[in-house]
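Here are my notes on the model, point by point. Please read them with the structure open.

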Amino acid sequence: MKSTAAHFEVNPSYLSRLFTQQVDMAFTDYINQVRMTKAIRLLSDTRQSVCSIARCSGYQNVRYFYKLFKERTGMTAIEYRNENCR
């Protein structure tokens with residue numbers, strides 16, 4: 001949020017409030033949704049390792065990616081790939 005606010009030369013708190021009002025979602029939740037959508041596509045369309053997909057999707061911390069993926073999909077990334085790529 002800080003770097004995005006700096007890019008537009010506005011206060012991060014103001015941008016956060018404005019974003020939430022317009023999108024009805026917190027900025028970090030939106031970013032995670034976009035990243036997770038990309039990760040799901042990569043899991044379905046490529047044979048890249050889960051670590052590589054996490055990094056390509058913008059997650060530097062692979063453990064955090066695993067945790068979020070499981071929370072959002074109800075399964076691990078490996079389980080998701082096995083279920084959806086038969």
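1. Accessible areas here come from the Shrake-Rupley method with a 1.4 Å probe, and for residues only the protein chains shown count as cover. On that basis the accessible surface of the chain comes to about 6000 Å². Carbon and sulfur atoms hold 51% of this surface.

2. A word on the basis of these notes. This is a predicted model, in which local features need pLDDT of at least 70, side-chain atom pairs count only at pLDDT 80 or more, and totals for chains, interfaces and linings use all residues. Numbering starts from 1 along each chain as its sequence is written, and side-chain values use heavy atoms, with hydrogens and water left out.

3. The chain has six helices and zero strands. Its order from the N terminus is α-α-α-α-α-α. Helices (H or I, at least four residues) and strands (E, at least two) are DSSP runs, numbered from the N terminus.

4. On overall dimensions, the radius of gyration is 15 Å, whereas a compact globule of 86 residues would have one near 12 Å. The radius is taken over C-alpha atoms, and the globule rule is 2.2 Å times the number of residues to the power 0.38. Along the principal axes, the C-alpha atoms fill a box of roughly 45 × 20 × 20 Å.

5. Burial comes next. Of the 86 residues, 24% count as buried. Buried means under 20% relative accessible area, exposed over 50%, and partly exposed in between (1.4 Å probe, protein chains only).

6. Contact means heavy atoms within 4.5 Å. Take the contacts between residues at least 6 apart in sequence: 38% of them join residues at least 24 apart.

7. Which residues does Tyr-59 touch, leaving aside its neighbours within four places in sequence? The list is Asn-32, Arg-35, Met-36, Ala-54, Tyr-64, Phe-65 and Leu-68. Tyr-59 sits in the loop between α4 (50-56) and α5 (62-73), yet is buried at 2% relative accessibility. Its C-alpha atom is separated by 8.0 Å from that of Arg-35, 24 residues away along the chain.

8. Asn-32 belongs to helix α3 (residues 27-45). This residue is buried too, with a relative accessible area of 8%. Beyond four places in sequence, its contacts are Tyr-59, Tyr-64, Leu-68 and Arg-72.

9. Two backbone angles deserve a look. Glu-9 is not a glycine but has a positive phi of about 55°. Its place is the loop between α1 (2-8) and α2 (12-23), where Glu-9 is exposed at 72% relative accessibility. Asp-24, also not a glycine, has a positive phi of about 60°. Asp-24 lies in the loop between α2 and α3 and is exposed, with a relative accessible area of 69%.

10. A disulfide is counted as a pair of cysteine sulfur atoms within 2.5 Å, and a search of the whole structure finds zero. Cys-51 is partly exposed at 32% relative accessibility. Cys-56 is partly exposed as well, at 39%.

11. Last, charge. The chain carries 13 positive and 7 negative charges, and their mean positions are 7 Å apart. Lys and Arg count as positive and Asp and Glu as negative, while His and the chain ends are not counted. Each charge is placed at NZ of Lys, CZ of Arg, CG of Asp or CD of Glu.
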